[in-house]
Amino acid sequence: MLQSSRPTCRIVRPGQSYDGKQGLSYFEGISAEAVGSTGICMHLLTIPPGGRAKAHLHESHETAIYVLSGEAHTWYGNRLEHHAIVRAGEMFYIPAGVPHLPANLSDQPCSAVIARTDPKEQESVVLLPDLDGLVPA
């Protein structure tokens with residue numbers, strides 16, 4: 001019997017996690033590496049109480065976030081001059097090339113579904129260490 005080289009549907013059960021360049025741990029999900037996706041990736045992220053990412057941007061991909069529980073503070077803009085609080089049930093959009101730094105300032109975990117337009121999610125991550133100090137720890 002000949003096997004088709006055509007892509008097929010896949011179930012992904014988040015189990016293993018990986019540490020992203022941004023300083024947070026993500027649960028493996030949909031990506032080029034996991035399922036062979038070509039235009040999207042989707043992961044689960046839980047930011048522990050007091051946790052925060054490193055300032056960064058995604059050179060060539062957009063990000064959509066849906067907060068499942070808790071709330072995330074995100075500073076964004078060229079000098080992280082803007083601030084948004086995204087709560088459970090809300091969505092947040094980050095265009096390609098926009099510097100940002102998410103953090104969980106509460107005493108409860110913040111969990112979110114993160115979807116990006118780059119199937120190799122970590123490839124266009126650019127760390128911006130000169131911006132990290134603009135957001136108090």
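A residue is called buried when its relative accessible area is under 20%, exposed when that value is over 50%, and partly exposed when it falls in between. In this predicted model, leucine 134 has a relative accessible area of 39% and therefore counts as partly exposed. Leucine 134 is found in the segment after helix H2, which covers residues 129–132. Although leucine 134 and arginine 79 are 55 residues apart along the chain, their C-alpha atoms are separated by 7.5 Å.

From there we can turn to the strands. Strands of a sheet pair through backbone hydrogen bonds, and the pairing is either parallel or antiparallel. Here six strands form an open sheet in the order S1-S2-S3-S10-S5-S8, and their pairing is antiparallel. Strand S1 (17–19) and strand S8 (91–94) stand at the edges, and because each has a single partner strand, one side of each is left without a neighbour in the sheet. On average, and with direction ignored, neighbouring strands of this sheet are turned by 30° against each other.

Within this order, S5 and strand S10 (residues 110–116) pair in the antiparallel sense over six bridges, and alanine 64 stands opposite alanine 115 in S10.

Strand S5 spans residues 63–69 and includes tyrosine 66. Is this tyrosine 66 buried, exposed or partly exposed? Its relative accessibility is 34%, so tyrosine 66 counts as partly exposed. Together with Leu68 and Met91, Tyr66 forms a nonpolar patch on the surface, and the three residues have about 330 Å² of accessible area together.

Technical notes: Residues numbered from 1 in each chain as written. Predicted model: local features only at pLDDT ≥ 70, side-chain atom pairs only at ≥ 80, totals over all residues. Heavy atoms only, no water. Patch = residues over 30% accessible without salt bridge, like charges linked within 9 Å, V, L, I, M, F, W, Y side chains within 5 Å. Areas by Shrake-Rupley, 256 points an atom, 1.4 Å probe, with all protein chains shown as cover. Salt bridge = Lys/Arg side-chain N within 4 Å of Asp/Glu carboxyl O. Helix = DSSP H or I, 4+ residues; strand = E, 2+ residues; numbered from the N terminus. Buried < 20%, exposed > 50% of the residue type's maximum accessible area, 1.4 Å probe, protein only. Pairing = 2+ DSSP bridges. Axes fitted to C-alpha atoms, helices over the stretch in contact; angles between N-to-C directions.
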